[in-house]
Amino acid sequence: MSEGVVQVDLVRLDAGLPVPSRARPGDAGADLSATRDVTLAPGERVLVGTGVAVVLPAGYAAFVMPRSGLAVREGVGLLNSPGTIDAGYRGEIQVCLVNHDPSRTVTIRRGDRVAQLVVQKVEETVFRVLEGVEDLETLAAVAPTARGAGGFGSTGASGVVTEGEQS
Ligand SMILES: O=c1ccn([C@H]2C[C@H](O)[C@@H](COP(=O)(O)OP(=O)(O)OP(=O)(O)O)O2)c(=O)[nH]1
(Lines give C-alpha, C1' and ligand atoms only; values in the text may rest on other atoms or scores of the structure.)
Protein backbone atom coordinates (compact mmCIF):
# COMPACT_ATOMS: atom_id res chain seq x y z
CA MET A 1 0.00 0.00 0.00
CA SER A 2 1.35 3.45 -0.84
CA GLU A 3 2.43 5.74 1.94
CA GLY A 4 -0.29 7.95 3.37
CA VAL A 5 -3.08 5.64 2.19
CA VAL A 6 -5.36 4.44 4.98
CA GLN A 7 -6.69 0.89 4.64
CA VAL A 8 -10.34 0.43 5.49
CA ASP A 9 -11.48 -3.18 5.67
CA LEU A 10 -14.85 -3.70 4.06
CA VAL A 11 -17.42 -6.49 4.16
CA ARG A 12 -19.71 -7.05 1.17
CA LEU A 13 -23.06 -8.05 2.60
CA ASP A 14 -24.59 -8.06 -0.86
CA ALA A 15 -22.31 -9.63 -3.45
CA GLY A 16 -24.59 -8.41 -6.25
CA LEU A 17 -23.55 -4.80 -5.70
CA PRO A 18 -20.25 -3.26 -6.75
CA VAL A 19 -17.56 -2.62 -4.15
CA PRO A 20 -17.74 1.09 -3.17
CA SER A 21 -15.17 2.87 -5.25
CA ARG A 22 -14.12 6.29 -6.41
CA ALA A 23 -15.41 7.31 -9.83
CA ARG A 24 -12.07 9.01 -10.52
CA PRO A 25 -8.65 8.95 -8.88
CA GLY A 26 -8.45 11.67 -6.26
CA ASP A 27 -12.19 11.78 -5.62
CA ALA A 28 -12.93 12.22 -1.93
CA GLY A 29 -15.90 9.88 -1.80
CA ALA A 30 -16.52 6.25 -2.73
CA ASP A 31 -20.00 5.71 -4.14
CA LEU A 32 -22.53 3.65 -2.19
CA SER A 33 -25.37 1.80 -3.92
CA ALA A 34 -28.92 1.07 -2.80
CA THR A 35 -29.69 -2.60 -2.03
CA ARG A 36 -33.32 -2.37 -3.12
CA ASP A 37 -35.82 -0.45 -5.20
CA VAL A 38 -37.55 2.37 -3.33
CA THR A 39 -40.23 4.83 -4.35
CA LEU A 40 -40.26 8.20 -2.65
CA ALA A 41 -43.30 10.45 -2.77
CA PRO A 42 -42.63 14.21 -2.43
CA GLY A 43 -41.32 14.88 1.07
CA GLU A 44 -41.02 11.17 1.85
CA ARG A 45 -37.95 9.64 3.49
CA VAL A 46 -36.77 6.06 3.63
CA LEU A 47 -33.87 4.15 5.16
CA VAL A 48 -32.05 2.00 2.59
CA GLY A 49 -29.16 -0.41 3.01
CA THR A 50 -25.95 -0.12 1.01
CA GLY A 51 -24.80 -3.73 1.40
CA VAL A 52 -21.51 -2.84 3.06
CA ALA A 53 -20.03 -2.77 6.53
CA VAL A 54 -16.63 -1.29 7.31
CA VAL A 55 -13.92 -1.58 9.93
CA LEU A 56 -12.56 1.92 10.33
CA PRO A 57 -9.23 2.34 12.07
CA ALA A 58 -9.36 3.98 15.51
CA GLY A 59 -9.20 7.75 15.16
CA TYR A 60 -11.18 7.78 11.91
CA ALA A 61 -14.83 8.24 11.03
CA ALA A 62 -16.70 7.98 7.75
CA PHE A 63 -19.29 10.45 6.58
CA VAL A 64 -22.18 9.54 4.32
CA MET A 65 -22.50 12.45 1.91
CA PRO A 66 -25.14 13.22 -0.70
CA ARG A 67 -24.44 13.04 -4.44
CA SER A 68 -24.89 16.38 -6.20
CA GLY A 69 -26.20 14.82 -9.43
CA LEU A 70 -28.99 13.00 -7.63
CA ALA A 71 -29.90 16.20 -5.81
CA VAL A 72 -29.96 18.38 -8.93
CA ARG A 73 -31.63 15.85 -11.25
CA GLU A 74 -34.10 14.19 -8.90
CA GLY A 75 -34.30 16.38 -5.81
CA VAL A 76 -33.15 13.44 -3.68
CA GLY A 77 -30.75 14.01 -0.79
CA LEU A 78 -29.91 12.56 2.59
CA LEU A 79 -32.02 13.69 5.51
CA ASN A 80 -29.21 13.47 8.07
CA SER A 81 -26.48 14.89 5.94
CA PRO A 82 -23.74 13.97 6.52
CA GLY A 83 -24.46 10.69 8.26
CA THR A 84 -21.72 9.77 10.71
CA ILE A 85 -20.22 6.27 10.69
CA ASP A 86 -18.41 5.70 13.98
CA ALA A 87 -15.18 3.71 14.00
CA GLY A 88 -16.82 1.16 16.30
CA TYR A 89 -19.90 0.60 14.13
CA ARG A 90 -20.15 -2.93 12.79
CA GLY A 91 -23.58 -2.75 11.21
CA GLU A 92 -24.56 -2.22 7.59
CA ILE A 93 -24.09 1.34 6.38
CA GLN A 94 -27.56 2.68 5.65
CA VAL A 95 -28.69 5.90 4.05
CA CYS A 96 -31.74 7.97 4.90
CA LEU A 97 -32.92 9.18 1.49
CA VAL A 98 -35.38 12.06 1.23
CA ASN A 99 -37.29 13.36 -1.76
CA HIS A 100 -37.18 17.17 -1.64
CA ASP A 101 -39.04 17.56 -4.94
CA PRO A 102 -42.35 19.31 -4.18
CA SER A 103 -44.39 17.42 -6.77
CA ARG A 104 -42.58 14.45 -8.35
CA THR A 105 -42.42 10.90 -7.01
CA VAL A 106 -38.92 9.46 -7.50
CA THR A 107 -37.99 5.81 -7.94
CA ILE A 108 -34.55 4.60 -6.91
CA ARG A 109 -33.47 1.24 -8.30
CA ARG A 110 -31.35 -1.39 -6.64
CA GLY A 111 -27.73 -0.68 -7.61
CA ASP A 112 -28.25 3.07 -8.09
CA ARG A 113 -25.45 5.10 -6.54
CA VAL A 114 -27.27 7.08 -3.87
CA ALA A 115 -24.53 8.49 -1.63
CA GLN A 116 -20.78 8.64 -1.18
CA LEU A 117 -18.61 7.68 1.74
CA VAL A 118 -15.82 10.02 2.83
CA VAL A 119 -13.32 8.75 5.41
CA GLN A 120 -11.71 11.33 7.65
CA LYS A 121 -9.36 11.43 10.57
CA VAL A 122 -11.08 12.75 13.67
CA GLU A 123 -9.34 14.07 16.74
CA GLU A 124 -10.09 12.46 20.05
CA THR A 125 -11.17 15.27 22.33
CA VAL A 126 -12.25 15.79 25.89
CA PHE A 127 -14.67 18.51 26.89
CA ARG A 128 -13.60 20.49 29.92
CA VAL A 129 -16.06 22.80 31.66
CA LEU A 130 -14.53 26.28 32.04
CA GLU A 131 -14.75 26.97 35.75
CA GLY A 132 -16.19 30.38 36.61
CA VAL A 133 -17.58 31.06 33.11
CA GLU A 134 -21.36 30.90 33.02
CA ASP A 135 -22.37 33.48 30.41
CA LEU A 136 -21.26 34.72 27.00
CA GLU A 137 -20.00 38.10 28.24
CA THR A 138 -17.55 36.34 30.55
CA LEU A 139 -16.58 33.97 27.75
CA ALA A 140 -15.85 36.93 25.45
CA ALA A 141 -13.59 38.34 28.15
CA VAL A 142 -11.62 35.14 28.82
CA ALA A 143 -11.38 33.98 25.19
CA PRO A 144 -11.76 37.07 22.96
CA THR A 145 -12.07 36.74 19.17
CA ALA A 146 -12.93 39.07 16.25
CA ARG A 147 -16.19 37.18 15.62
CA GLY A 148 -17.37 36.88 19.18
CA ALA A 149 -20.91 35.55 19.27
CA GLY A 150 -21.73 36.88 15.78
CA GLY A 151 -23.27 34.37 13.40
CA PHE A 152 -26.41 33.62 11.44
CA GLY A 153 -25.89 36.48 8.97
CA SER A 154 -23.95 38.82 11.27
CA THR A 155 -21.62 39.78 8.38
CA GLY A 156 -24.48 41.07 6.23
CA ALA A 157 -27.19 40.00 3.82
CA SER A 158 -26.54 37.12 1.43
CA GLY A 159 -27.68 39.07 -1.64
CA VAL A 160 -30.37 36.48 -2.33
CA VAL A 161 -33.69 38.09 -3.15
CA THR A 162 -36.74 36.23 -1.89
CA GLU A 163 -40.07 36.44 -3.72
CA GLY A 164 -42.04 39.42 -2.41
CA GLU A 165 -38.85 41.33 -1.51
CA GLN A 166 -38.21 42.67 -5.04
CA SER A 167 -38.54 46.45 -5.31
O1 LIG B 1 -26.34 7.87 7.71
C2 LIG B 1 -26.01 7.07 8.60
C3 LIG B 1 -25.79 7.46 9.93
C4 LIG B 1 -25.45 6.50 10.87
N5 LIG B 1 -25.33 5.19 10.53
C6 LIG B 1 -24.92 4.19 11.52
C7 LIG B 1 -23.42 4.28 11.80
C8 LIG B 1 -23.31 5.05 13.06
O9 LIG B 1 -22.14 4.70 13.76
C10 LIG B 1 -24.60 4.62 13.77
C11 LIG B 1 -25.11 5.63 14.74
O12 LIG B 1 -25.29 6.85 14.07
P13 LIG B 1 -25.62 8.18 14.89
O14 LIG B 1 -24.68 8.34 16.01
O15 LIG B 1 -25.76 9.29 13.90
O16 LIG B 1 -27.07 7.81 15.40
P17 LIG B 1 -27.84 8.15 16.71
O18 LIG B 1 -29.20 8.51 16.30
O19 LIG B 1 -27.08 9.13 17.56
O20 LIG B 1 -27.89 6.70 17.35
P21 LIG B 1 -27.06 6.01 18.48
O22 LIG B 1 -27.82 6.32 19.72
O23 LIG B 1 -27.08 4.56 18.11
O24 LIG B 1 -25.66 6.59 18.47
O25 LIG B 1 -25.56 4.43 12.75
C26 LIG B 1 -25.53 4.79 9.21
O27 LIG B 1 -25.42 3.61 8.86
N28 LIG B 1 -25.87 5.74 8.29
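Author: A residue is called buried if 20 or more other C-beta atoms, placed from the backbone, lie within 10 Å of its own, exposed if 12 or fewer do, and partly exposed in between. This is a predicted model, in which local features need pLDDT of at least 70 and side-chain atom pairs count only at pLDDT 80 or more, while totals for chains, interfaces and linings use all residues. Residues are numbered from 1 along each chain as its sequence is written.

Phenylalanine 152 counts as exposed because 6 C-beta neighbours lie inside 10 Å, and it is found in the segment after helix H2 (136–142); helices (H or I, at least four residues) and strands (E, at least two) are DSSP runs, numbered from the N terminus. Although phenylalanine 152 is not a glycine, its phi is positive, about 55 degrees.

Lysine 121, which belongs to strand S11 (residues 113–121), is also exposed, because 9 other C-beta atoms lie within 10 Å. Setting aside neighbours within four places in sequence, lysine 121 is in contact (C-beta atoms, placed from the backbone, within 7 Å) with Gly59 and Tyr60. Between lysine 121 and tyrosine 60 there are 61 residues of separation in sequence, yet their C-alpha atoms are 4.3 Å apart in space.

Note on methods. Two residues are in contact if their C-beta atoms, placed from the backbone, lie within 7 Å.
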